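Morning, everyone. Please take a look at the structure on the screen, and I'll talk you through a few places in it.

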Amino acid sequence: MIAKDLITHELSPLRTSDTGEESITMMSIFHVKHLPIVNDTQFLGLISEEIILNHDMDEPIGSYSLGLARPFARDTDHIFEVMNKMAIGRLTVIPIVDQDENYLGLISMEDLIQFYANSFSFSEPGSILVISTSKPQYSLAEISRIVESENAAILSTFLTSDEDSNRVQVTLKINKQDIGSIIASFQRFDYDITATFSDYEYIDDLKERYDALMSYLNV
């Protein structure tokens, strides 16, 4: 999956002639705190809600005396790189440009949430198991072998690394509801069991996180 596959055109970019009031209204409608400013296809920069509120709302944003940030992702960037750039910049949207930096559209945080909701087997029945091991001992091949030895399969996996320790956490989506024997097998191989979730518990947890994010975007 690359950036151009997630581009949305539902959120129109701002023009330099748009007033601060019009820009804030657009952000409010789509629950975002950033929007790109575009001249035809030329990407000029990204403006934030905070910057607009610190200027005259009746004036066009093109008259603001400021140096616009120009964070963007290229249409050929992998979606993980897009997510990384959004996280670093704490952005609610990120502009997507071509190799000549012509504006193509944008990807919003909500687009990414929807992408994850439809990917990585979230909708498949099963259970969630979070295990911990040391970085030198981490082996996805061994983890898969342990799960498969209990007549189960890994549907998706996420790796979380703690820079301040020598440990990694591996989140596994497994295609079985009863994972007692799988847990026992991991313990025999000296893996620490950090957490387990049933489908219902995990869905509730995801919903709580999604609702919290939507509440943040509505602030």
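Predicted model: local features only at pLDDT ≥ 70, side-chain atom pairs only at ≥ 80, totals over all residues.

Residues are numbered from 1 along each chain as its sequence is written, and side-chain values use heavy atoms, with hydrogens and water left out.

Some terms. Helices (H or I, at least four residues) and strands (E, at least two) are DSSP runs, numbered from the N terminus. Buried means under 20% relative accessible area, exposed means over 50%, and partly exposed is in between, with a 1.4 Å probe and protein chains only. Contact means heavy atoms within 4.5 Å.

Helix 3 first. It covers residues 79-89, and Ile-79, Val-82 and Met-86 are buried there. Why do these buried residues line one face of the helix? Seen down the axis of helix 3, they fall within an arc of 55 degrees, so they share one face. That arc is taken over the directions from the helix axis to the C-beta atoms. In general, an α-helix has 3.6 residues a turn, so residues three or four places apart point the same way.

What covers that buried side? The cover includes strand 3 (73-74), strand 4 (93-97), strand 5 (103-108) and helix 4 (109-117). Turn to the face pointing away, and you find Ala-87 and Ile-88, both exposed.

Now phi. Most residues other than glycine have a negative phi. Arg-90, which follows helix 3, has a positive phi, near 50 degrees. His-31 is another case, with phi near 55 degrees. His-31 sits in the loop between helix 1 (20-30) and strand 1 (34-39). It is partly exposed, at 35% relative accessible area. Then Asn-151, with phi near 60 degrees. Its loop runs between helix 5 (140-148) and strand 7 (154-161). Asn-151 is exposed, at 72%.

Next, Ser-185, in helix 6 (residues 180-188). Buried or exposed? Ser-185 counts as buried, because its relative accessibility is 1%. Leave aside neighbours within four places in sequence, and Ser-185 is in contact with Ile-146 and Glu-150.

Last stop, Gln-137. It lies in the loop between strand 6 (127-134) and helix 5. Gln-137 is exposed, with a relative accessible area of 54%. Gln-137 and Arg-167 are 30 residues apart in sequence, yet 9.3 Å apart in space, C-alpha to C-alpha.
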